[in-house]
Amino acid sequence: LLLLLLLVTYYNLLLLLLTKYPHLLLYFLTHLTFSRCDELVQYARERRVKLLIDAEHHCFQPAIDNFVLALQRKHNQDFPYIYQTFQCYKKEALELLALDKERALRENWKFAAKLVRGAYMEYERDEAIKHGYPDPIHRSLDMTHATYNKAVDMLLNSPDVSVLIATHNQASVIHGIWGMIERGIPPDTERIAFAQLYGMADTLSETLAKHGYVVYKYMPYGDVPLVIPYLLRRAIENSSISIGAGFEKKMVRKELWRRFTGHS
C-alpha cells in the first residue's frame, strides 16, 4: 500500500511539473529519442553497417537534421556510418549540402549524404500557402533535376565524402557515372554507391552492377496500409519511372523468351 501511494504521488508530481513546465517534457523526449538512436547506431557500428536517415516534411526536417548531425559528430569520426538525406527539390538543398560538408571538414569527421529528389511537393506548397511562408520547393522539375546533378558534382569533387545516389532517373545515374569517369574514380570505390527501390528500375540496377558499380536495392517493410503510400510517393518522386516502364517490360519479355527458347 505504501509503495502504491508513493507511485501515485510520484506520478502526480511528474504530471504537475510537465504541465507547468512543458519544455521539460520536450527535453525529456528529445533526450530519450537521441538515446534510442544512439543505441541503434552502436549496434550497427559493431557490425560495420551504415545507417541512412531519411528526410521528411519541411516542418520536421530541422529537428531531423539536428539529430543526424549529433549522431554524425559522434559516430562518423573514422568511418561514415551515418548518412544524412538531402531533398533536391528544395530550393535550399545545395546551400545546406555545402554547409554540412564544410562543417564536417572543419570538425574533422566523415561526411556522408544520400541524395533524393523529394516526394511531398503538393503538400509542401499547400502548407506554405496555409501558414504564409515562401514555397520551399523548386518551381519546375527541370530545376530539381539541375539541383540533383549539381549536388552529385559537389560531392564527387570532395574525395573524403561518401554519397549514395538514390534515384531511378537514368539521366542522373549517367551523370554520376560520367562524373566518376572524368575524375578518375573507380566504379568499385566504397564511398560512392547507387540505389533503387526493389522492383523499380531493375534493369538500371543490374547494368550498374554488371559494370562493377556499387548498387543497392532497398525494400520497404511493414503493413500494407503503410507501405502502399510510401511506394506511391516514390512513384511521384521519380516520374521517369512511368517512361521507363515500357522499357522494363520489353526487357522482361526478352529475358523470358531467352530462358524458354534458349535464343536471345
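Ten salt bridges turn up when the whole structure, a predicted model, is searched. Three of them are described here.

One of the pairs joins Glu107 and Arg73, whose closest N and O atoms are 2.8 Å apart. Glu107 belongs to helix α4 (residues 93-107) and Arg73 to helix α3 (residues 61-75), so this contact ties together parts that lie 34 residues apart in sequence. Glu107 is partly exposed, at a relative accessible area of 29%. Arg73 is also partly exposed, at 36%.

A second pair sits within helix α4. Asp100 and Arg103 are three residues apart in that helix, a separation of about one helical turn. Their side chains meet in a salt bridge with an N to O distance of 2.7 Å. Are these two residues buried or exposed? Asp100 counts as buried because its relative accessibility is 14%, and buried means under 20%. Arg103, at 16%, counts as buried too.

Arg125 lies in helix α5 (residues 121-131), while Asp135 is in the loop between α5 and α6 (141-156), so the bridge ties together parts ten residues apart in sequence. Both ends are partly exposed: Arg125 has a relative accessible area of 23%, and Asp135 has one of 25%.

The distances for these pairs are listed below.

| Salt bridge | Closest N and O atoms |
|---|---|
| Glu107 and Arg73 | 2.8 Å |

Notes:
Residues numbered from 1 in each chain as written. Predicted model: local features only at pLDDT ≥ 70, side-chain atom pairs only at ≥ 80, totals over all residues. Heavy atoms only, no water. Salt bridge = Lys/Arg side-chain N within 4 Å of Asp/Glu carboxyl O. Helix = DSSP H or I, 4+ residues; strand = E, 2+ residues; numbered from the N terminus. Buried < 20%, exposed > 50% of the residue type's maximum accessible area, 1.4 Å probe, protein only.
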